[in-house]
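Hi everyone, thanks for coming. Let me put the sequence and structure up, and then I'll walk you through a few details.

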2 protein chains.
Amino acid sequence: MKLSEGVEWAIHSCSLLAALPTGAALPTRKLAAYFELSETYLAKNLQLLSNADIVTTRKGPGGGYALAKAADAISLLDIVEAIEGRSPCFSCTEIRRRGPTGIGDEAYKRPCGIARSMWKAEKAWRDELAKVSLHKIQAMALEETPDAQLEKAKIWFEEALA
Amino acid sequence: MKLSEGVEWAIHSCSLLAALPTGAALPTRKLAAYFELSETYLAKNLQLLSNADIVTTRKGPGGGYALAKAADAISLLDIVEAIEGRSPCFSCTEIRRRGPTGIGDEAYKRPCGIARSMWKAEKAWRDELAKVSLHKIQAMALEETPDAQLEKAKIWFEEALA
DNA sequence: TTAAATATGGATATATTTTATCCATATAAT
DNA sequence: ATTATATGGATAAAATATATCCATATTTAA
């Protein structure tokens, strides 16, 4: 029951992209450098974001990644699902139908109470993630990032976008 | 982001144990037979339930597993955590501190907004699981299990406990 | 008191998933 | 043209989940 590390990378990357001036883009190499991450593996995760239409890409020199839509139109759920997929965490294998007391499949009208309860909890998780926009994430980051880092980031951005 | 299959097995097993007459117990072999599961692997999962004090055990002939407390004092969360452990699904590796803009660890007072948001969603999931008692699970099962299966189960129990 | 049935924990094996890398190709900018 | 970039496929390595086996301790029943 672990989320892939790619989720953390993806959210931080999106949060950084949200700070880009309009029209600008950051390539994998620079994103990876910013967070000191494996470039090739981050590339795979960015691809997932791209396939999910969370980021857009521009190939060639000066290209890279940018958000595909406004930061308040992207939720944590969007990002988590882009990386982790949309299949439920709890997967019901219908063991109630097996064994000596099991009867024909047609007798079981709907998922069992166990599966329903597990899925309901999962929905609460997803609903909570859906409530948090990337805009909010960025706002929190802006507020809680130490000033010293903000200054370094400002310089880093100027150089990265030059 | 998958829950172990052991979670499903454990909940179904507990639900079955909840139906036992006072004083009775079911050994691994019979539990596994009921659901047609791998006996040795189920044994490992039952051990986790035992270590978490969700079930009690009695060794020797006529022994086996029984619930350690009333079914309404056991929640889905208890069972999930017994099998999956208690560590958070989202693990924050503090990538914000790394790279060219990172500064000293002492500058970061509390977990970042990303981690806090992810953990909050996780809490919603856990809270929801905590709300569902094994008693409720058993009641749902009793209500929705087809009559034909209930009859077979009754006979199976008589034989298993004889 | 003995034999049988059971849980326990450790060791180990196998399968699956996650993490990570590499490469060939397509595309865009200069 | 050349360079910088994303893409998707293939593959490799590491970690985790699944599964089995065994030696031991314990308890019951005969």
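I'll go through a helix pair, then a loop residue, then the cysteines.

A word on conventions: this is a predicted model, where local features need pLDDT of at least 70 and side-chain atom pairs count only at pLDDT 80 or more, while totals for chains, interfaces and linings use all residues. Residues are numbered from 1 along each chain as its sequence is written, chains are lettered from A and ligands numbered from 1 in the order written, and side-chain values use heavy atoms, leaving out hydrogens and water.

Let's start in chain B. The axes of helix H2 (residues 28–35) and helix H3 (residues 39–51) of chain B come within 9 Å and cross at roughly 115°. That makes H2(B) roughly perpendicular to H3(B), a label for angles of 65 to 115 degrees. Axes here are lines fitted to C-alpha atoms, for helices over the stretch in contact, with angles from 0 to 180 degrees between N-to-C directions. Helices are DSSP runs of H or I with at least four residues, numbered from the N terminus.

Which residues of the two helices meet? From H2(B) we have Thr28(B), Arg29(B), Leu31(B) and Ala32(B), and they meet Glu39(B), Leu42(B), Ala43(B) and Leu46(B) in H3(B), contact being heavy atoms within 4.5 Å. By class, the residues of this contact of H2(B) with H3(B) are 5 nonpolar, 1 polar and 2 charged.

Over in chain A, helix H2 (residues 28–35) and helix H3 (residues 39–51) pack at about 115°, their axes 9 Å apart. So H2(A) is roughly perpendicular to H3(A).

Now the loop. Glu36(A) sits between H2 and H3 of chain A, and its phi is near 60°, positive in a residue other than glycine. Glu36(A) is partly exposed, at 48% relative accessibility; that class lies between buried, under 20%, and exposed, over 50%, with a 1.4 Å probe and protein chains only. In chain B, Glu36(B) lies in the loop between H2 and H3 and has a positive phi of about 60°.

Finally, how many disulfides are there over all chains? The count is 0, where a disulfide would be a pair of cysteine sulfur atoms within 2.5 Å. Cys89(B) is in none, as the nearest cysteine sulfur, that of Cys89(A), is 7.4 Å away. For Cys14(B), the closest cysteine sulfur is in Cys112(A), 14 Å off and therefore too far for a bond. Cys14(B) is buried at 0% relative accessible area, and Cys89(B) is buried at 3%.

Terms used. Parallel < 35°, antiparallel > 145°, perpendicular 65-115°, else oblique. Nonpolar A, V, L, I, M, F, W, Y, C, P; charged D, E, K, R; others polar.
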